[in-house]
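Hello,

Have a look at it first, then read on.

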Amino acid sequence: MKKNFIKNALLMALGVTLPFTSCNMNSLSESDKNSSSYNNKITTATLQPDVNELVCNVHYFMIGERSETVFAVRLSGDDISKGIIPELYNSDGTKICSLTDDGTGADEVENDGIYTCSADVASEDGKPQSYYVMIGDTKTNQIEMTYFDEITSEDCEHLEEVQKMFSEAVKDYTKDGYTTDKKSAVEAAEKIAKQLYESGDAIEYKCDPDAGSVYVKLNSGLSYIYSTLEEGYD
């Protein structure tokens, strides 16, 4: 009963919806275990911050993992006209890099008002690190990176339990593998996600009623996505 569970969990962390089965720590190569597949990723193309808002494309890492994270901030027209160069700092007050809007490196579109840079935010001891940008005298919001220990068999078993909780919650809105009441199923799944978050078993959750999905990031670093399946759309 211990097959391919971790591989499915890694794919789930990338947003691929697969049924969870069981867990085998040996089913991963060392490169898989150390890869950024564990991260909750979004592409840089989706980084569309508001004015003076700092965003990034990766928030979660394994301890010791090295991965370039892209940070982006949108400047006001006034700050752009003043020639202000935004600068990224960590929570220790150390300058990491300057952000640019020239269409090179991490910056995808030149002169669109969104300034970007990439930085290595690895942690060897798992201590949380926060990052912010200074735009002249203006300090943006801080982004905190979360670091996880290596996945254990207990983490896998907990994820199996989470899957069962979701399955039990939506069973009245499912027939022959298909969702019969999308709205009610998503509401029931969101209640489970909220319960996990409030109990400390999850560090965040997101619900997308239109897509019919509920995402949960567990405190182990593993993710689970419940997604409705309507007949005729498989």
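Before the rest, some ground rules. This is a predicted model, in which local features need pLDDT of at least 70 and side-chain atom pairs count only at pLDDT 80 or more, while totals for chains, interfaces and linings use all residues. Residues are numbered from 1 along each chain as its sequence is written, and side-chain values use heavy atoms, with hydrogens and water left out.

Helices (H or I, at least four residues) and strands (E, at least two) are DSSP runs, numbered from the N terminus. Two strands pair if DSSP finds at least two bridges between them.

**The sheet around S3**

S1, S3 and S6 form an open three-stranded sheet in the order S1-S3-S6, and the pairing is antiparallel. Strand S1 (54-56) and strand S6 (114-120) each have a single partner strand, so one side of each lacks a neighbour in the sheet. On average, neighbouring strands here are turned by 25° against each other, direction ignored; axes are lines fitted to C-alpha atoms (for helices, over the stretch in contact), and angles run from 0 to 180 degrees between N-to-C directions. Strand S3 (residues 68-74) is joined to S6 by seven bridges.

**The sheet around S13**

Another open sheet of three strands has the order S12-S13-S14, again with antiparallel pairing. S12 and S14 are its edge strands, each pairing on one side only. The twist from one strand to the next averages 10°. Helix H4 (residues 153-170) packs on this sheet, touching S13 and S14, and its direction makes about 20° with that of S14. Helix H5 (residues 182-199) lies across S12, S13 and S14 and runs at about 165° to S12. For these touches, contact means heavy atoms within 4.5 Å.

Strand S12 (residues 202-208) pairs with S13 over six bridges, with Lys 206 opposite Tyr 215 and Cys 207 partnered by Val 214.

In the segment after S14 comes Thr 228, buried at a relative accessible area of 11%. Its contacts, not counting residues up to four places away in sequence, include Lys 182, Ala 211 and Gly 212.

**Nonpolar cores**

A nonpolar core is a set of buried Ala, Val, Leu, Ile, Met, Phe, Trp, Tyr and Cys residues joined through side-chain atoms within 4.5 Å. The largest has 21 residues, and among those touching the most other members are Phe 71, Val 73 and Leu 99. S1, S3, S6, strand S7 (129-135) and strand S9 (143-148) each give two or more residues to this core. A second, separate core of 20 residues includes Ala 189, Ala 193, Leu 196 and Leu 218.

Terms used. Buried means under 20% relative accessible area, exposed over 50%, partly exposed in between (1.4 Å probe, protein chains only).
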